[in-house]
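Okay, thanks everyone, I'll keep this short. Have a look at the model on the screen while I talk.

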Amino acid sequence: KSMNASATETRKFEAEVAQVLHLVTHSLYSHKEIFLRELVSNASDACDKLRFEAIGKPELLGGDSELHIDVSWDEAARTITVRDNGIGMTRDEVVANIGTIASSGTRRFLEAMSGEQKADARLIGQFGVGFYSAFVVADKVTVLTRRADAPAGEGVKWESDGKGEYLLEQVEQDARGTSVILHLKADEDEFLKAWQLKSLIRKYSDHVAFPIRVPVEKDGKPTDEWETVNDASALWTKPKSEISDADYQSFYKSLGHDFNDALAWTHNRVEGSQSFTTLLYIPEQPPFDLMMGGRDERKGLKLYIKRVFIMDAAEELLPNYLRFVRGVVDADDLPLNVSREILQHNRQLERIKAACVKRVLDLIEKLAKDEPEKFAAFCKAFGNTLKEGISEDATNRERIARLLRFASTGTQSHPGEGAKQNVSLDDYIGRMAVGQEAIWYITADSYAAAAGSPQLEAFRAKGIEVLLMFDRIDEWMVGYLGEYEGKKLRNVAKGELPLDEADKKKQEEVTKEAEPLLKKLKELLGDSVGDVKVSARLTDSPSCLALSDYEMAPHLARLLREAGQELPESKPTLEINPAHPLLKRVEAEADEAKAKDLATLLLEQAEIAAGAQLPDPAAFVQRMNRVLLGA
């Protein structure tokens, strides 16, 4: 530290802060009143931190143990002040928290915002940049703060117009905590009205667990007396009968920094050898960190112990595949001084985690059973995330599988139903023909590729339903599922098809008859195929690829290679339909070069239909043109 720490110094914001300020002030204008929600939320965090630190050091409270947040206004000076008697900040903490943006979350926020997306107000709070929303309504912001364990002479004043620089100064601060003073812009007078501030506090911050107070007015002027505006009790501790849906929704919005309602929630109290309360929400839309692939640093589930906020423990209390859940867990029996390390190996916590998983799966099952529209919205938003649970949570694998929905050849005849993913594995089993042993499916990288695959032809001809899976995760997920309700899941493109006696006999006859053609194709294609066989899958198309039971689907192999994974090269097995005119043409073609072109096209067509990448697209185009021109 420099010797003249008390002197005023001017510093520049970090580049990222300047960007965030610009984005926030320009994009939040239509939701400008959320500045109050964000400043109150920060003040509440500061009170939470002090309450937590005071467990080990009660002297921090220094005779002022009633933690609260005060919101006041001054019409003449045109200022609003949000003050808390929470933990407060040192000079270094002020610089770290306001002048720089350390969290990777903020960088991700910036990357997301600089794309096409219009800056979305619901992201602001999720990324810890809420403080800067003050600059939407203020052209100057002053912060006065003193940390609870610092002497009165070590107060800090921070001030900025949000244009790129800020002032820092050491000041005398009698009381601990932080005041944020907003000097309002010329056209923001609406926020200098008591009723407006009170209604915003009730709308956005009613469920903050500390009293939020405003001055009592007399003859239209604020006095020195204070009144509490919010409910100030922890919502989850109340009996369910006393909580309205509107209460649950407004608590969700302040908890999840969301403008949308929650889709559904579940609120439970467990008593017994271990007592805890859970209030868990499923959002309507994917939270932002989920869309950003937020498998790292997950947030959204707050752990309280006897109503003291301890930490965001989404990582410890929710498995990865339920990372979209938001909520609160309040445990009575955990020690208040828990750390992340303790949480990772704690038997009680394992039980709480199992209870959270059970509650969420119960809730999704209830939606599936009783609220089909909400369940459809859930599947659209989180269906793919839920699929990760098939590999991650062996204990609940069948429960999760029961909740998955797929498109199917069984619904394609209904107009408009085709691409809808609304068939469950139970629906499929209910429609299985007598004697059908397996649940048949196909994976592809789009609905059209799955529905149009030549490998479905024999199944269609026999009236066997096939599930169409076209989400990226499906091929990987089905590898872990294996079977459901005692029925094996089988890919129509893999392995041998089960044929009845008549079919088998026919297959053998056709193969025998086609021997010269098979030999000719093997010679023409040489090293580019592992084998050429007569297909039992095809009725209309000339050719398709067949995979062994353990081979990876070509479209997935392509994705993994694009992601830089080394995969062993496997040679495809080409299956042909000898009755097809194109194969008759290969058979009859005496010109070696022309026959090679035709044979190679049959292989390339099959590869394209299976979602593989052609190694040499230009050669394919030239070959196709030669055949079209009859050259």
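Quick definition before I start: I call two strands paired if DSSP finds at least two bridges between them. And bear in mind that this is a predicted model.

So, β20, residues 531-534, pairs with β22 in the parallel sense, over four bridges. In that pairing, Asp 531 stands opposite Thr 573 of β22. On to β21, residues 543-546: four bridges join this strand to β22 as well, but here the two run antiparallel. Ser 543 is the one standing opposite Ile 576 in β22.

Now, which way do the β22 side chains point? In a regular strand they alternate between the two faces of the sheet. Here, Thr 573 and Glu 575 go one way, Leu 574 and Ile 576 go the other, and all are buried.

Next, the open sheet. There are five strands with mixed pairing, in the order β15-β17-β16-β19-β18. Glu 483 has Lys 488 in β19 as its bridge partner.

Lying across β16, β17, β18 and β19 is helix α19, residues 474-481, which runs at about 150° to β19.

Technical notes:
Residues are numbered from 1 along each chain as its sequence is written. This is a predicted model: local features need pLDDT of at least 70, side-chain atom pairs count only at pLDDT 80 or more; totals for chains, interfaces and linings use all residues. Side-chain values use heavy atoms; hydrogens and water are left out. Contact means heavy atoms within 4.5 Å. Axes are lines fitted to C-alpha atoms, for helices over the stretch in contact, and angles run from 0 to 180 degrees between N-to-C directions. Buried means under 20% relative accessible area, exposed over 50%, partly exposed in between (1.4 Å probe, protein chains only).
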